[in-house]
Amino acid sequence: MTILATHTVSSPLGPILLAASPNGLRGAWFTEQAHRPTAAMIAQWEAQPEHPVLLAAATQLNNYFHGDRQTFDLPLDLTAGTAFQISAWSTLLQIAWGSTISYGELAQRMGKPAAVRAAGTAIGRNPLCIFVPCHRVIGSNGSLTGYAGGLHRKQALLQLEQRRTLI
């Protein structure tokens, strides 16, 4: 098992646990997020608040919440997922700031138009909330369906991207 460097940062939407591997940012989870690593896993990782990737991630998140950043410039380590999950997460990275797409459109963009439910499941397992913008995927009728960090956060993130600041 890879020992990850970790640091918890505050945000307007609650604390976010950041985790970095030697290959880049591996995780960003809200405190009570679904599919977050277990406490036992986290206990094996190493708190490193001065880790360069974690420092950059914290700064970029802060800038994002202030409306000063629309994209992130960090090495991301998506290797903890299956090939299908990695495909879904990589496709999410192509959704522009302030835009939304449906789960069906995501599956289409992945080249798997029949895999709408599987795409939704992969989104739910996204280990990099905000950095890999799964909050930009909505129901085909425009409804805010599902978000592992809580629908209130999904709504706040989408509103942030419409008005440019949460702070």
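How many residues does helix H6 have, and how far does the helix reach from its first C-alpha to its last? The views below come from a predicted model, and the first one takes up this question.

**View 1. Helix H6 and its packing partners.** Helix H6 runs over residues 151-163 and has 13 residues. From first C-alpha to last, H6 reaches 18 Å, close to the 18 Å expected at 1.5 Å a residue. Arg153, Lys154, Ala156, Leu157, Leu158, Leu160 and Glu161 are the buried residues here.

View 2. Arg153 is buried because its relative accessible area, 4%, falls under the 20% cut-off. Glu32, at 53% relative accessibility, counts as exposed.

**View 3. The salt bridge between Arg26 and Asp77.** Here the closest N and O atoms are 3.0 Å apart. This pair, too, links distant parts of the chain: Arg26 sits in strand S3, and Asp77 in the loop between H2 and helix H3 (83-92), 51 residues away. Arg26 is buried at a relative accessible area of 16%, and Asp77 is buried at 1%.

View 4. Glu105 and Arg109 meet through their side chains at 2.7 Å, N to O. Both lie in H4, four residues apart, or about one turn of the helix. In an α-helix there are 3.6 residues a turn, so residues three or four places apart point the same way. Glu105 is partly exposed at 32% relative accessibility, as is Arg109 with a relative accessible area of 40%. The structure's salt bridges come to four by count.

**View 5. The largest cavity and its lining.** The structure holds one cavity of 30 Å³ or more, and the largest cavity has a volume of about 40 Å³. Its lining includes Gln33, Asn126, Cys129, Cys134 and Tyr147. Sorted by type, the lining residues are five nonpolar, four polar and no charged.

**View 6. Pro12 beside Phe65.** Pro12 lies in the loop between strand S1 (5-9) and strand S2 (16-21), and counts as partly exposed at 40% relative accessibility. The C-alpha atoms of Pro12 and Phe65 are separated by 7.5 Å, although the two are 53 residues apart along the chain.

Notes:
Residues are numbered from 1 along each chain as its sequence is written. This is a predicted model: local features need pLDDT of at least 70, side-chain atom pairs count only at pLDDT 80 or more; totals for chains, interfaces and linings use all residues. Side-chain values use heavy atoms; hydrogens and water are left out. Helices (H or I, at least four residues) and strands (E, at least two) are DSSP runs, numbered from the N terminus. Buried means under 20% relative accessible area, exposed over 50%, partly exposed in between (1.4 Å probe, protein chains only). The expected span of a helix is 1.5 Å times one less than its number of residues. On a 1 Å grid over the protein atoms alone, a cavity is a set of points where a 1.4 Å probe fits but cannot get out, and a pocket is an open set with protein on both sides within 12 Å along at least five of seven lines; lining residues have an atom within 4 Å of a point. Grid points are joined across faces, edges and corners, and a volume is the space filled by probe spheres set on the points. Ala, Val, Leu, Ile, Met, Phe, Trp, Tyr, Cys and Pro count as nonpolar, Asp, Glu, Lys and Arg as charged, and the others, Gly among them, as polar.
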